[in-house]
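Please look through the sequence and the model shown here, and then read the report that follows.

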Amino acid sequence: MSNTSENPKPSSSSAKMTLKTSDNELFEVEEAVAMKFCTVKQYFEDEKDSDVAARGSTTVIPLPNVHSAVLATLISYGKKLPQSNAVADNHEEEETKKKERKKYEQGLLKNLMPGELLDLISAANYLDFKEGLEFFNQALADHIQNKSVEYVRKFFGIKNDYEPHEEEKYREEYAWAFEGVDED
Amino acid sequence: MSHLPVEIITKILFRLPVKSLLRFLCVSKSWYDLTKHPAFIKLHLHRSIGTNRDHTLIFGKTYKACRSYSAVPRYFVSVHFPSKNHFDKGLKLHQPLYCGRRSIRILGYCHGLVCIYHKTQEITIWNPLIAIWNPLIRKYKILLRERILKPSDLKNVQPLGEFEVKVYSLRLDSWRKIEDQWPKKECKISSTSASLNGALHWLVAEDISYDMHRWMGLVCLLAFDLAIEKFQVFKTLVQQKIDLETGLEVLKGQLCFIELTNEYNDVWLMKESREASSWTRIYKIGPCLRSFSYCKPLMFSENEKKILLEMCHLKHTKLVWYEIEKNREESVKIQNLPNSLWKFGTATCVGSLLLLDGHNVIDPAEQKKKKTNKRKR
């Protein structure tokens, strides 16, 4: 799909696109990966319609809402996903790639600060990067699953709008749900 | 950090298990509103069904009390299994209908809800008490508290009573008699049902006769589609009259029919439609399993080579993994689950927030503790 008849290059080589972040850094990304960001894909397709000559690596797509550090992680994650234009692997190769991806994902999460997850999710949402959203949303859910209510409020920057007696009543009623919670 | 939009919060929250969600209800009023919204509950339930999250087996003592254990336990036991190869230790779970020494029976289960029932009995009048219960969030609602004439079931040798079919709506909190009444002729119906894809299923037997000290009949499948509120009867693979000890369960998202004879449990899966032609035999357990009678299949193992069976015998029940091809069984040991001491029934639950507006299940022991603590202050 990303290599149409207009592009004579074989599917394994890369057509590149340039993405510009909020802090004015430029990222050259393979088209196959960039197309996973549906916002970029939409932008690219709009550009293509308007001016055929100005496509490909000469177009710089601005991403004013995404910081370079965040984009770097998202691109790195995007590269590890199965590519839509890749030659079909046999079962063994597929299994190896799966294991590699799992290992990469674990490593990625280990090095991430929880606060960075929020930035990544925000950016993935803006870019409409479905696989990225799925992965980082799940990572965040796993992270907060056993946390206390205070931690969650602080983490998401949410103000507690309950009266103290309302909250106290609730905590008493559902005391069992507050057991076994991680220390803050 | 700026606030994340509500669509993103939703996409994070719906991945959480019910215990976390219950706790986070008090994070803020907007989180409370979001979680309690029916659309969110539905979304969350679908994810529970599709993943392994919050999958739990509920064990409850059945009505045949074991003689060596005269006191009926007030609690059930819940066993969470994060994956099919691993069972967490059993946790005592207080059930809402404890009344004296009568035991509670599990009638059916669906979408994380368990229907339980308790009856006191005079000669011809029943005082049944039926409740639906969400064990994972510890909420319940009483559905029925009525004196009704005794209907019969497949195992009960009683004349046929009167049937009236009603549907209970959770949303409206009321019963409603439906138009398409059933049965149209004399028959027996199993007392438990299997719920699948928005329809309830029972096994019914028509053309009943009493032969050689056993009730025999032609077993059919009765399906009630909840959306259109219509009954339909389907033939089973059983061509002739059989001993009416049969079971109907849900396994791997399909209806599972278990034919019980003196020596065998013959088990079939209904693949696509309910037509008899789509049935496939999955296994047949023979007499080598030492005279256990009904073996209720609970679930397949990860690689689908084994089935978790609840094996019911006269005096006790036990859990085993049965390896289909090798015809071998392996006892399952779960911490805190009494081993073969008592007869139990099971329900399979997924994480669900249904009944969030129900009553709290109160554990009397916990209540006592709280009251003592308050007095001490």
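In chain A, the residues A:Thr73, A:Ser76, A:Tyr77 and A:Lys80 of helix 3 meet A:Arg101, A:Tyr104, A:Glu105 and A:Leu108 of helix 4, where contact means heavy atoms within 4.5 Å. The residues of this contact between helix 3 and helix 4 of chain A divide into three nonpolar, two polar and three charged; here Ala, Val, Leu, Ile, Met, Phe, Trp, Tyr, Cys and Pro count as nonpolar, Asp, Glu, Lys and Arg as charged, and the others, Gly among them, as polar.

This is a predicted model, in which local features need pLDDT of at least 70 and side-chain atom pairs count only at pLDDT 80 or more, while totals for chains, interfaces and linings use all residues. Residues are numbered from 1 along each chain as its sequence is written, chains are lettered from A and ligands numbered from 1 in the order in which they are written, and side-chain values use heavy atoms, with hydrogens and water left out.

**Helices of chain A**

The secondary structure of chain A comes to eight helices and three strands, with helices (H or I, at least four residues) and strands (E, at least two) taken as DSSP runs numbered from the N terminus. The axes of helix 3 (residues 68-80) and helix 4 (residues 91-110) of chain A come within 10 Å and cross at roughly 165 degrees. That makes helix 3 of chain A roughly antiparallel to helix 4 of chain A, a term for angles over 145 degrees. The axes are lines fitted to C-alpha atoms, for helices over the stretch in contact, and angles run from 0 to 180 degrees between N-to-C directions.

Helix 6 and helix 7 of chain A pack at an angle of about 145 degrees, with their axes 11 Å apart. In this pair, A:Leu140, A:His143 and A:Ile144 of helix 6 meet A:Tyr151, A:Val152, A:Phe155 and A:Phe156 of helix 7, and by class the contact has six nonpolar, one polar and no charged residues.

**Aromatic rings**

Over all chains the count comes to 17 aromatic pairs, where rings of Phe, Tyr and Trp (its six-membered ring) pair if their centres lie within 6.5 Å, and planes under 30 degrees apart count as stacked, over 60 as edge-to-face and the rest as tilted. Two of these pairs are set out below.

| Pair | Centre to centre | Between the planes | Class |
|---|---|---|---|
| A:Phe37 and A:Phe129 | 4.9 Å | 65 degrees | edge-to-face |
| B:Phe224 and B:Phe231 | 4.6 Å | 40 degrees | tilted |

A:Phe37, in the loop between helix 1 (31-34) and helix 2 (38-50) of chain A, and A:Phe129, in the loop between helix 5 (114-127) and helix 6 (130-144) of chain A, are 92 residues apart, and their pair links distant parts of the chain. Both A:Phe37 and A:Phe129 are buried, as are both B:Phe224 and B:Phe231; buried means under 20% relative accessible area, exposed over 50%, and partly exposed in between (1.4 Å probe, protein chains only). Ring pairs also link A:Phe37, A:Tyr77, A:Tyr104, A:Phe129, A:Phe135 and A:Phe136 into a cluster.

**Burial and one residue of chain B**

In helix 1 (residues 6-13) of chain B, the buried residues include B:Ile8, B:Ile9 and B:Leu13. The buried residues of this helix 1 of chain B pack against helix 5, helix 6 and helix 7 (149-156) of chain A, together with helix 2 (18-24), helix 3 (29-36) and helix 4 (38-50) of chain B.

B:Ser331 lies in strand 24 (residues 328-331) of chain B and is partly exposed, with a relative accessible area of 40%. Leaving aside its neighbours within four places in sequence, B:Ser331 is in contact with B:Lys318, B:Leu319 and B:Val320.

Terms used:
Angles under 35 degrees count as roughly parallel, over 145 as roughly antiparallel, 65 to 115 as roughly perpendicular and the rest as oblique.
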